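Take a walk through this model with the structure open beside the text.

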Amino acid sequence: MKFFSLASGLLLLATLAGCAKSPAGGVTNTAPNRLEVTLTLAQTIDPNFYYAVAFDDNPNDGDGPRAIVGNTAVLNGVMAGNWRTLVRYHLNQFEVFYRSNPADPSTERQILGTALFFSQPRATANSLNFVLDLDAQVSQGNFFFAHTSGATPALAVDRFDVNFVATNTIIIAGRDDRIKPVDAYEAGSTSTFFEFQIGSTRRATIQDPTGDRRLDIDPSFGSVNFGQIDVTQLDLNVTRNR
């Protein structure tokens, strides 16, 4: 009996030793592919205004997200150009818009009950913070961002074209052709998107000058507090599982 007890003890020790070494050669749980985004304003956020960040996962298409400065028929109301996924904050709610074809606004739709957020989005006095699960699916087998095909799909992109926008209103398409207050990346004259590499774990801080807004805003918007749509910084922090 003592012989079998000793053997059992040795077997247990071997098993424990194998577990201790598992990170080097066994099955481990890897961190998900995720992207943390923090948008910071010069002054306090107005929940009645619109704040958004858009991501184009096809940076070779010659275009990217571009802020809307006048009227529009685009569903999200604040961002045109090419993009795949957009997060918009309005009336204290984080909303998600998705395009099956980044270059075709007619494919745009709002996604409700989405699993895109890795954790609960947060709004503070002058900033918005959310974390995207880059492997989240719009529907079964249909990802928010491009993935490879096959039995084990993997994130298939190594960079995004990104832009942000903050504005006080949405002007629905029609005769109203006023230029409204808008702040986007380098939006003094036109909205310019920028490229962010996501092929490996990294972070970046995008500074946006204070007061970089168009000079031809319609006088009817003179009472708007521009500080509440003046983006000062966008922080991006991507974590890859390889």
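Start at Phe 55. Beyond its neighbours within four places in sequence, Phe 55 is in contact with Leu 35, Val 37, Pro 65, Trp 83, Arg 84, Thr 85, Phe 130, Leu 132, Phe 145, Phe 160, Asp 161 and Val 162. Contact here means heavy atoms within 4.5 Å. The largest nonpolar core has 47 residues, and Phe 55 and Leu 234 have the most contacts inside it. A nonpolar core is a set of buried Ala, Val, Leu, Ile, Met, Phe, Trp, Tyr and Cys residues joined through side-chain atoms within 4.5 Å. Buried means under 20% relative accessible area, exposed over 50%, and partly exposed in between, with a 1.4 Å probe and protein chains only.

A word on the source. This is a predicted model, in which local features need pLDDT of at least 70 and side-chain atom pairs count only at pLDDT 80 or more, while totals for chains, interfaces and linings use all residues. Residues are numbered from 1 along each chain as its sequence is written, and side-chain values use heavy atoms, with hydrogens and water left out.

Now the charges. The structure holds seven salt bridges. The term stands for a side-chain nitrogen of Lys or Arg within 4 Å of a carboxyl oxygen of Asp or Glu. One of them joins Arg 84 to Asp 57, with the closest N and O atoms 3.0 Å apart. This pair links distant parts of the chain, 27 residues apart. Arg 84 sits in the loop between strand S5 (79–81) and S6, and Asp 57 in the loop between strand S2 (50–56) and strand S3 (65–67). Strands (E, at least two residues) and helices (H or I, at least four) are DSSP runs, numbered from the N terminus. Are these two partners buried or exposed? Arg 84 counts as buried because its relative accessibility is 14%. Asp 57 is buried too, with a relative accessible area of 4%.

Arg 88 and Glu 95 form another salt bridge, at 2.8 Å from N to O. Arg 88 is at 8% relative accessibility, so it counts as buried. Glu 95, at 15%, also counts as buried. Next comes the salt bridge between Glu 108 and Arg 99, whose closest N and O atoms are 3.0 Å apart. Glu 108 counts as buried at 8% relative accessibility. Arg 99 is buried, with a relative accessible area of 0%. Elsewhere, Asp 158, Arg 159 and Glu 195 are linked in a network of salt bridges.

Turn to the loop between strand S6 (85–90) and strand S7 (93–99), where Leu 91 has its place. Phi of Leu 91 is near 50 degrees, a positive value in a residue other than glycine. Leu 91 counts as partly exposed, because its relative accessibility is 49%. Asn 92 lies in the loop between S6 and S7 as well. Asn 92 is not a glycine, yet its phi is positive, about 65 degrees. At 51% relative accessibility, Asn 92 counts as exposed.

Follow the strands next. Five of them form an open sheet in the order S9-S10-S1-S18-S17, with antiparallel pairing. Its edge strands are strand S9 (122–123) and strand S17 (202–207), each pairing on one side only. Two strands pair if DSSP finds at least two bridges between them. Two bridges join S9 to strand S10 (residues 127–133), and these strands run antiparallel. Ala 123 stands opposite Leu 128 in S10.

Strand S1 (residues 34–41) holds Arg 34. Arg 34 is partly exposed, with a relative accessible area of 25%. Which residues does Arg 34 contact, leaving aside its neighbours within four places in sequence? They are Phe 118, Val 131, Leu 132, Leu 134, Asn 237, Val 238 and Thr 239. Arg 34 and Thr 201 are 167 residues apart in sequence and 9.4 Å apart in space, C-alpha to C-alpha.

Finally, step back. The secondary structure of the chain comes to two helices and 18 strands. Of its 242 residues, 47% count as buried. Among contacts between residues at least 6 apart in sequence, 67% join residues at least 24 apart.
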